[in-house]
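Colleague: I am new to this one. Could you take me through it?
Modeller: Gladly. Have a look, then ask.

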Amino acid sequence: MLEENVIKKLREILLSPTPKFFVVHHNADVDALAAAYALYKISLGKKFIYAPLKISRAAKKLLEILDEVEIVEEIPESMWEKGYFIILDTNSLEQLGEIPYDKISNRTVVIDHHTENTLFSSALLYVRMDRTSTSEIVYEILKKIDAKFDEKIITALIAGIITDTSRFKYANNQTMRTVCEMMNISEINLKELIGILEEPTLKYDRSRRIALLKAFQRMTYIDLGKAIIVKSNVNAYESDAAVLMITTIADIAVVGAQKEVEARVSTRARSWLVNLGLDLSKICRKIGKEFGGGGGGHPAAAGINAIGDVNAIMNALVSEIVKEVRKILKRVENE
Ligand SMILES: [Mn+2]
């Protein structure tokens, strides 16, 4: 819930002349960027969108149809000492690379929809709501502080919802009510917006297609009877590969990418398993921690970032997933 004192403080921060950094996570997705964009637009004073570990292709695509914003990938030393840091859609420090969080935590606002967030305990303000996207939370905040919406802000926030719910597949009634409310403020052509957001995936540029082909070539699988778990390696596009695998042949996909010393693993699960209690974010958090990195996300879509051998991480992750799925299947059988 958005309590009155939280709203009051948020309004004060957003409208203060103090510099503000709207911080988005590693390879920022559309939801993170949309949330940052909306808050950036309505706030006063010097402001930046801070993307320490770059933004995703889809988010870049969205930026093309919004008003210009100032995005920085680095912050000058002196700026860490002042200013507010509004961290969006980010549930752990690892997702931000190396930022001096101890120094800024008392000027940090965390706004997120992930079930667990390891950042908030030391933050100045923490807003976590059970929504399908951070964009929806930002919409609630903007309403409460009587911000002025324009078409671009609504476009961005709806784009955040579309992508985080996988084109409304994971939307709930509240999501749809929020979208309707937004559409009453500003008529958005949903079909056109979805077209723009999904264009890069539909066009299948060559490097992505090759990565996906390799992902399928290198795929191994574990057949648990009712559920099939697949595992593979790529150099990039690991989350795209995992999504493609669960939409075509697998119930759970685990795809890893080794980036020099950094290892990234992306996992996806079909919703029937999630409905039975599978939570990939919990498993990723556990295994990520075991390998000295971070992990998390959502029950059906989660990942790990760590330093080390991606295969070792994937093996540990897969065996943990197999254990969990076996438990679930056994329970269902006995019911
Ligand atoms: Mn999100």
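Colleague: Which elements do the buried residues of α13 pack against?
Modeller: One caution before that: this is a predicted model. The buried residues of α13 pack against strands β8 (228-234), β9 (252-259), β10 (262-269) and β12 (301-307). They also pack against helices α11 (271-275) and α12 (280-290).

Colleague: Which residues of α13 are buried?
Modeller: V310, I313, M314, L317, V318, I321 and V325.

Colleague: Take I321. What makes it count as buried?
Modeller: The cut-off is 20 or more other C-beta atoms within 10 Å. I321 has 25 within that distance, so it is buried.

Colleague: How far is I321 from I161?
Modeller: They are 160 residues apart in sequence. In space, their C-alpha atoms are 28 Å apart.

Colleague: How do you know that the length of α13 is close to what is expected?
Modeller: Helix α13 covers residues 310-334, which is 25 residues. From first C-alpha to last it reaches 36 Å.

Colleague: Where does α13 lie relative to the strands?
Modeller: Helix α13 lies across β7, β8, β9, β10 and β12. It runs at about 165° to β9.

Colleague: What is the order of the strands in the open sheet?
Modeller: The 6 strands run β7-β8-β9-β10-β12-β11, with mixed pairing.

Colleague: Why are β7 and β11 called edge strands?
Modeller: Strands β7 (220-223) and β11 (294-297) each pair on one side only, so they are the edges.

Colleague: What makes β7 and β8 a pair?
Modeller: Pairing needs at least two bridges. There are 4 bridges between β7 and β8, so they pair, and they run antiparallel.

Colleague: Which way do the glycines of β11 point?
Modeller: G294 and G296 point one way, G295 and G297 the other way. All are buried. In a regular strand, side chains alternate between the two faces of the sheet.

Key:
Residues are numbered from 1 along each chain as its sequence is written. This is a predicted model: local features need pLDDT of at least 70, side-chain atom pairs count only at pLDDT 80 or more; totals for chains, interfaces and linings use all residues. Helices (H or I, at least four residues) and strands (E, at least two) are DSSP runs, numbered from the N terminus. The expected span of a helix is 1.5 Å times one less than its number of residues. A residue is buried if 20 or more other C-beta atoms lie within 10 Å of its own, exposed if 12 or fewer, and partly exposed in between; C-beta atoms are placed from the backbone. Two residues are in contact if their C-beta atoms, placed from the backbone, lie within 7 Å. Axes are lines fitted to C-alpha atoms, for helices over the stretch in contact, and angles run from 0 to 180 degrees between N-to-C directions.
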